[in-house]
Amino acid sequence: MTNKLTLSILAALLTAGTGVSAKQPEFAADHCKAGEINAQHYRNFPAALDEAKARHAKLFERKRAMAKPGDDSASTGDTPAALALSATPSYVIPVVFHVYGSQFNGKTVTDAVIIDALNKTNEDFQGQTADFADIDAEFQGVKQALNIEFRLASIDPDGNPTSGIVYHSASSGAGNYSSSDVKRDHWDNYKYMNVYIQNDLYADGVTNNSGVAWYPDTTMSDEGLARVTYNGAYLGSNTDENFRSVLTHEFGHFLDLIHTFEGGCKRGFERRCDTTGDENCDTPQQNSWQMNPGDGGIVNCMGQTINWQNFMAYSDQYANFTQDQVARMVNGLDSQARVTLWSAQNLAATGVAN
């Protein structure tokens, strides 16, 4: 394995030697509450669930369209062939970071930390990291990159120059659905991807939750509530090389990806892999969130090796998305709640056009 896994093992040994729990933050059950938060959202707003179902109904045709001409998957609807990365991004997303306070569990968030985090997240999505080549053999054929780039906005909603980073007084609770900070401070959700950096995400006194994000939903965008919320303690260079990819994980949720361990492992799900679990057939089911080589093994209840290095898992070595996941993200990018973000008109209006 590459340096990420080595660093994780060393960190575990060091903490064990000092009498602290050897488990890293990424292994906490509440590492990311996206599954719980989004499920609650659909219970509270049935129209949002109907919108999601309609969006997902388009995935079959999306996969056919993404399949390489002459490939068997074009006629069977199976996993599409890999997309080639182009010299310029197929999708550019304008981003604004709202930063509340400056200290996050002893770490400071600055412009440089945010720029570093965003650059590395782009590398993750584009398959430009060393770990993208260093995944289990079972997944070399289905790993996939998405030719997308997240860029800090350079024009604000009033037409003024901006760094794309806005600093606010320390606050908490941006991980809750109806956050007063989000309602007050958001930039137009149809023009900007809003990222909220806090330390206590749920205003419950807990400062080691890493992040949360909601799937595409027009009602949330209409109300200015679409967002990624993230803990500044785990942003870019504020944490280790592996854990900084949790921001990539949250951006994946923003583009409609589900945890790979959603729903656990059940034999009956195998034939319905496109509608159960994470709804992707090329990410084998996981028994639980707690599956890594040194923590619960990597073989599921059906004897299959899981893609434990997937960005949407809780991983010792974040490394890849899969082809089905990329198809799902492209489908999410075409949803009403996300499609305006990357339009040519909006890229010019937000100052991120090439």
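The entries follow by topic.

Basis. I worked from a predicted model, where local features need pLDDT of at least 70, side-chain atom pairs count only at pLDDT 80 or more, and totals for chains, interfaces and linings use all residues. Residues are numbered from 1 along each chain as its sequence is written, and side-chain values use heavy atoms, with hydrogens and water left out.

Helix pair. I looked up α6 (residues 111–125) and α9 (residues 246–254); their axes come within 9 Å and cross at roughly 65°. That makes α6 roughly perpendicular to α9 (65 to 115 degrees counts as such). Axes here are lines fitted to C-alpha atoms, for helices over the stretch in contact. For the contact (heavy atoms within 4.5 Å), I listed Ala117, Leu118, Thr121, Asp124 and Phe125 on α6, and Leu247, Thr248, Phe251 and Gly252 on α9. By class I noted five nonpolar, three polar and one charged residues, with Gly counted as polar.

Helix face. In α3 (residues 46–56) I found Ala48, Glu51, Ala52 and Arg55 buried (under 20% relative accessible area; exposed is over 50%, partly exposed in between, with a 1.4 Å probe and protein chains only). Seen down the axis of α3, these buried residues fall within an arc of 100°, so they line one face of the helix. On the face turned away from the buried side of α3 I noted exposed Pro46, Ala47 and Lys53.

Backbone. Most residues other than glycine have a negative phi. Ala203 has a positive phi of about 55°; Ala203 sits in the loop between β7 (193–198) and β8 (211–213) and is partly exposed at 47% relative accessible area. Glu279 also has a positive phi, near 65°, and lies in the loop between α9 and β10 (321–322).

Methods: Axes fitted to C-alpha atoms, helices over the stretch in contact; angles between N-to-C directions. Helix = DSSP H or I, 4+ residues; strand = E, 2+ residues; numbered from the N terminus. Parallel < 35°, antiparallel > 145°, perpendicular 65-115°, else oblique. Arc of directions from axis to C-beta.
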